[in-house]
Amino acid sequence: MSVEVMVPTALRGFTEGRASVATEGGTVGEVLKDLTKKYSSLATHLFDKEGRVRSFVGIFLNEDDIRQLQKEATPVKDGDVVLIIPAIAGGSPGAVAFPSLSKLKRTERELTHAQMTRYSRHLILPEVGLSGQRKLLDSSVLLVGAGGLGAPLALYLAAAGVGKIGLVDFDVVDASNLQRQVIYGTEDIGKAKIDRAEARLKSLNPDIEIVKHNVRLDSSNALSIIGSYDVVVDGTDNFPTRYLVNDAAILSKIPSVYGSIFRFEGQASVFGYRGGPCYRCVYPEPPPPGLVPSCAEGGVLGVLPGIVGSLQALETIKVLLGRGETLSGRLLLFDAMGLKFRELKVKRNKDCPVCGDQPTQRGLIDYQAFCGVGTAPTVTVNEVDPEELHQELESASPPVLLDVREPMEFEIVKLPGAKLIPLMKLPERVNELSTADNIVVYCHGGSRSATATQFLLDMGFQKVRNLRGGIDAYAQRVDPELPTY
Ligand SMILES: [Zn+2]
């Protein structure tokens, strides 16, 4: 049997860049085994120690989740396509918010003449009309994160006349945001995103109420904040917030609109809507930290969050109107480079800990801990400060520099003489290093290199240290001539 396996961007580093691989086998399990025979370093990403498919990797046969079929024993036939769909998250690492909200009064509202004109293209659309526009004006949406996804989301929801938009964000506008966060301008650099977004949305549509939430969204306040809205949209795209938003939405019995981006691939769906599945039904557990690169490491094509965020805005409006066929029960995949949309069926899992028939989790948990954030093995490795490294590099016996970032990052800025071995390639290329050398490992901010340092220590290297704060700290503290990114 010849079966094509589709490899996601995040794992193509292990398949020599191939997006699809022809394999042989009679079952999905055999096909995956054949794939890992061809590309052995993929195995640890797909299977756990017992040889089972990892819970944060979805395997689909054509458009069906194999967990809904016969799992790895699901038979395959000639021409079938097996898709590997790992959990992805490419966004910024946080989100914040503010509690106490005043509920909008739900009265039968009359549209003013100005509103008639403003929303006229909705009013003449039979699927929206006057009653639909009233619904939108009486609706409330909580938007978690005002970044790449949040920008088009906020703009389109405000333009469409969603009556109350809650914004959760604590970040300030950085110059590197402007490549995709189209709600901000150059003059906004250094200012609070939430304030600049509010000003922009108010200018776009003075009709609507913007509620700014200025406390960190966490397990202690998420229910009280999310519970006062009709729909919640996750625009942060990081794992702790995604699981927090999902669980809080399910517990509050409101739908959540999901979107995620990575490099040039996106995903979108609607969860907890009319008996449909939730994110936990698809990915019960998050991937371990470090396995999924962030946007800061992996990059993101500027237009991509615009497309995925717009899809989220579209789905939000359909949910508010109660019209159309939403993405509930479907996971939409978008490949910007191939300009291909594909969709997979996702079903509610009756054993889901949050939305299942007998939920085992009836409150919120510590999502930072659940996602392993802050528990990375960085504390155990020896570190060297940028100033100290600078002195050593000037000395008669400078250390060997190992750069574990991606080639594109290496091209932007590097330390002279550094050897490049991206973190993911380190296991197969470790023999290019000598245990006799005194090695200093660095990356962008010091976290990937800490993982690499620990790996080298485990491999028997003894003279290996991590550059604290990465090349970013080195550029700021030692050599301001170096470009930062
Ligand atoms: Zn669920």
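The model is a predicted one. Its largest nonpolar core has 97 residues, and another core, of 19 residues, lies apart from it. An open sheet of five strands pairs in parallel, and helix α17 (residues 447–458) packs on that sheet.

**Nonpolar cores**

- In the largest nonpolar core, the members that touch the most other members are Leu143, Ala154, Ile165 and Val232.
- Helix α9 (residues 239–251) gives this core its largest share, eight residues.
- The separate core of 19 residues includes Leu389, Leu426, Tyr442 and Ala452.
- Residues up to four places away in sequence aside, Leu143 touches Gly150, Leu153, Ala154, Ile165, Gly166, Leu167, Val168, Val233 and Gly235.
- In soluble globular proteins, nonpolar side chains tend to be buried together.

**Helix α7**

- Helix α7 (residues 193–204) has twelve residues, which at 1.5 Å a residue should span 16 Å; the end C-alpha atoms are 16 Å apart, so the two values agree.
- The buried residues in α7 are Lys193, Ile194, Arg196, Ala197, Arg200 and Leu201.
- Viewed down the axis of α7, these buried residues fall within an arc of 165° and therefore line one face of the helix.
- Among the elements that cover the buried residues of α7 are α6 (150–160), β8 (164–168) and β9 (209–213).

**Helix α9**

- From its first C-alpha to its last, α9 reaches 18 Å over 13 residues, close to the 18 Å expected at 1.5 Å a residue.
- Burial in α9 extends to 13 of its 13 residues.
- Lys253 follows α9 and has a positive phi, near 60°.

**The five-stranded sheet**

- The strand order is β16-β20-β19-β17-β18, in an open sheet with parallel pairing.
- At the edges are β16 (383–384) and β18 (419–420), each of which pairs on one side only.
- Strands β19 (residues 439–442) and β20 (residues 464–467) run parallel and are joined by three bridges.
- Within that pairing, Ile439 has Val464 of β20 as its bridge partner, and Val440 has Arg465 of β20.
- Helix α17 touches β19 and β20, and its direction makes about 175° with that of β20.
- β16 and β20 also run parallel, joined by two bridges; here the bridge partner of Glu383 in β20 is Asn466.
- Strands of a sheet pair through backbone hydrogen bonds, either parallel or antiparallel.

**Strand β12**

- β12 is mostly covered, with seven of its seven residues buried.
- One side of β12 carries Ser256, Tyr258, Ser260 and Phe262, the other Val257, Gly259 and Ile261, and all of these are buried.
- In a regular strand the side chains alternate between the two faces of the sheet.
- Two bridges join β12 to strand β11 (residues 231–234), and the two strands run parallel.
- Val257 in β12 stands opposite Val233, a residue that Leu143 touches.

**Positive phi in loops**

- Most residues other than glycine have a negative phi.
- Lys71 is not a glycine, yet its phi is positive, about 50°.
- The loop that holds Lys71 runs between β4 (64–65) and β5 (81–86).
- Because 15 other C-beta atoms lie within 10 Å, Lys71 counts as partly exposed.
- Arg263, also a residue other than glycine, has a positive phi near 55°.
- Arg263 sits in the loop between β12 (256–262) and β13 (265–271).
- With 20 other C-beta atoms within 10 Å, Arg263 is buried; the cut-off for a buried residue is 20 or more.

**Val354**

- Val354 belongs to the loop between β15 (340–345) and α13 (367–370).
- Val354 counts as buried because it has 23 C-beta neighbours inside 10 Å.
- Neighbours within four places in sequence aside, the contacts of Val354 are Asp247, Ile250, Cys278, Arg280, Pro359 and Gln361.
- Between Val354 and Ala452 there are 98 residues of sequence separation and 35 Å in space, C-alpha to C-alpha; Ala452 is one of the members of the 19-residue core.

How values were computed. Residues numbered from 1 in each chain as written. Predicted model: local features only at pLDDT ≥ 70, side-chain atom pairs only at ≥ 80, totals over all residues. Helix = DSSP H or I, 4+ residues; strand = E, 2+ residues; numbered from the N terminus. Expected span 1.5 Å × (residues − 1). Buried ≥ 20, exposed ≤ 12 C-beta atoms within 10 Å, placed from the backbone. Arc of directions from axis to C-beta. Contact = placed C-beta atoms within 7 Å. Core = buried A, V, L, I, M, F, W, Y, C linked by C-beta atoms within 7 Å. Pairing = 2+ DSSP bridges. Axes fitted to C-alpha atoms, helices over the stretch in contact; angles between N-to-C directions.
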